[in-house]
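The sequence and the structure come first.

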Amino acid sequence: MANSKVYPNAMKALEDVKDNMTLLVGGFGLCGIPETSIQALKEIGAKNLTIVSNNCGIDDFGLGILLKNKQIKKMMSSYVGENAEFAKQLLSGELEVELIPQGTLAERLRAGGAGIPAFFTPTGVGTEVADGKEIRQFEGRDYVLEKAIKGDVAIVRAWKGDKFGNLIFRKTARNFNPMIATAGKITVAEVEELVEVGTLDPDQIHTPGVFIQRIFQAKQEKRIEFKTISQ
Amino acid sequence: MLSREQIAQRIALEVKDGYCVNLGIGIPTLVANYIPKNMYVMLQSENGLLGMGPFPKESDIDADLINAGKQTITTTPGASFFSSADSFAMIRGGHIDLTVLGAMQVDQEGNIANWMIPGKMVKGMGGAMDLVAGAKRVVVAMQHMDKSGVSKLMKKCDLPFTGLKCVHRIVSDLGVIDIGDNEFILREFAPGHTAEEVKKATGGNMRIADDVKEMKVN
């Protein structure tokens with residue numbers, strides 16, 4: 001039964017990705033990104049994608065490779081600074097971007113997966129981010145209405161996963177992955193180590209398998225964006 | 001005028017024992033170097049870590065362990081990892097005692113602009129809007145004037161806002177300035193300057209506190 005979620009590789013797990021879809025992609029910078037899935041999306045070649053992810057990779061790794069391949073129509077992110085191609089496509093009008101405060105992005109995804117259509121947050125009140133959105137006062141303070149985000153396909157990277165889809169993330173590679181896992185019509189988990197059901201301690205599960213429809217194991221390069229060391 | 005290190009050194013005095021603190025990129029990052037070792041302070045990194053330690057030794061580098069500036073780091077005893085939603089529950093929910101961030105402009109109402117310049121490539125606000133909206137105390141590290149001598153402490157910001165009425169204190173290269181009732185209040189001035197000079201270098205209304213003093217820095 002549990003085996004029905006297991007896929008042999010990224011290409012198979014993502015074969016339903018089509019043009020014009022909205023994809024939610026986990027990770028922060030290059031940390032915790034589903035790197036094999038992103039490579040597969042390039043092979044699959046679906047275009048006009050709306051991608052919701054905190055960042056857009058770098059020019060030759062992570063989501064940057066889909067950008068370079070002109071597959072992205074719109075990015076919804078909090079910070080997109082590490083990518084020369086991004087600026088180029090934005091200025092030429094090929095690419096649309098919606099910049100979202102990081103906490104609002106996390107909460108919009110959480111809400112999307114949790115059946116909450118919208119919520120009020122103090123973040124961004126009085127700034128461009130709140131333009132055209134409803135403002136309401138609670139206990140004397142202004143809050144802006146932000147809407148949930150859901151995706152056609154959500155893609156996450158975890159450290160360990162079992163065949164039911166229970167996931168454990170590692171260190172700061174967790175980041176946006178748990179919320180994104182909940183907010184896709186189909187959620188695909190790329191794991192470093194796929195184990196049998198019953199192997200993982202139920203007390204240590206970060207994302208319960210109910211949120212995951214497809215899972216596969218893949219080796220990760222784990223490229224480091226800024227290697228900093230102490231002397 | 002204070003160096004970047006001296007600004008960071010002065011801001012470290014804002015950190016109290018037991019605080020959970022979020023430090024932004026640039027001068028704020030340097031603040032960590034001046035927090036007394038005998039204090040128990042937890043540094044928060046908004047990508048999902050409370051208890052951030054120094055950069056690792058070459059042999060301890062871990063690609064799964066980075067800070068919000070995407071640099072490799074370590075953890076300190078008592079550290080915890082969590083999701084971005086939990087991270088911003090901490091920030092927005094008022095559980096972070098202090099945030100230190102940089103700014104392009106701050107005005108006398110305590111409004112801050114630090115995320116975009118119209119006409120230039122806009123990279124995004126990251127977590128800055130959440131931090132200024134939610135941290136218990138917001139301290140800004142900044143240069144008092146731009147390169148052409150125009151004050152960045154203004155009557156009203158003319159760059160797009162990051163947050164409204166949220167800044168509590170500014171530590172600039174010229175002094176320590178609090179936000180009062182629609183005015184800047186000069187608390188401390190940098191060595192080699194006078195309070196009057198700092199007031200003159202400030203664009204908005206500035207009141208010199210009765211007990212204004214010279215800043216102590218090494």
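## Helix α2 of chain A

In this predicted model, helix α2 of chain A spans residues 35–44, and its buried residues are A:E35, A:S37, A:I38, A:A40 and A:L41. The elements of chain A that cover these buried residues include the helices α1 (10–13) and α3 (64–68), together with the strands β1 (22–25), β8 (151–162), β10 (184–195) and β11 (214–217). After α2(A) comes A:G45, which has a positive phi, near 80°.

## Chain B as a whole

Chain B contains five helices and 13 strands. Its radius of gyration is 17 Å, close to the 17 Å that the globule rule gives for 218 residues, so chain B is as compact as a globular protein of that length. Taken along the principal axes, the C-alpha atoms of chain B fill a box of roughly 50 × 40 × 30 Å.

Of the 218 residues of chain B, 61% count as buried. Among the contacts in chain B with a separation of 6 or more, 62% are made by residues 24 or more positions apart.

## B:Q9 in helix α1

B:Q9 lies in helix α1 of chain B, which covers residues 4–12. The relative accessible area of B:Q9 is 16%, and B:Q9 therefore counts as buried, the cut-off being under 20%. When its neighbours within four places in sequence are left aside, B:Q9 is in contact with B:Y34, B:V217 and B:N218.

## The interface between chain B and chain A

At the interface, 44 residues of chain B are in contact with 50 residues of chain A. The area buried between chain B and chain A is about 3,900 Å², and carbon and sulfur atoms give 61% of it. On the side of chain B, the residues that lose the most area to chain A are B:D64, B:K70 and B:K123, which together account for 20% of what that side buries.

Six salt bridges are found by the rule across the interface of chain B and chain A. B:D64 forms a salt bridge with A:K222, in which the closest N and O atoms are 2.6 Å apart. Across the interface of chain B and chain A there are also 26 residue pairs in polar contact, with both residues at pLDDT 80 or more. Helices α3 (84–92) and α4 (128–134) of chain B each supply at least two residues of the side that touches chain A, and α3(B) gives the most to that side, with four residues. The residues of this side of chain B divide into 22 nonpolar, 13 polar and nine charged.

Technical notes
Residues are numbered from 1 along each chain as its sequence is written. Chains are lettered from A and ligands numbered from 1 in the order in which they are written. This is a predicted model: local features need pLDDT of at least 70, side-chain atom pairs count only at pLDDT 80 or more; totals for chains, interfaces and linings use all residues. Side-chain values use heavy atoms; hydrogens and water are left out. Contact means heavy atoms within 4.5 Å. Buried area is the accessible area (1.4 Å probe) that two parts lose on being put together, summed over both. A salt bridge is a side-chain nitrogen of Lys or Arg within 4 Å of a carboxyl oxygen of Asp or Glu. A polar contact is a pair of N or O atoms within 3.5 Å; within protein, one must be able to donate a hydrogen and the other to accept it, and residues adjacent in sequence count only if both atoms are side-chain atoms. Ala, Val, Leu, Ile, Met, Phe, Trp, Tyr, Cys and Pro count as nonpolar, Asp, Glu, Lys and Arg as charged, and the others, Gly among them, as polar. Buried means under 20% relative accessible area, exposed over 50%, partly exposed in between (1.4 Å probe, protein chains only). The radius of gyration is taken over C-alpha atoms; the globule rule is 2.2 Å times the number of residues to the power 0.38.
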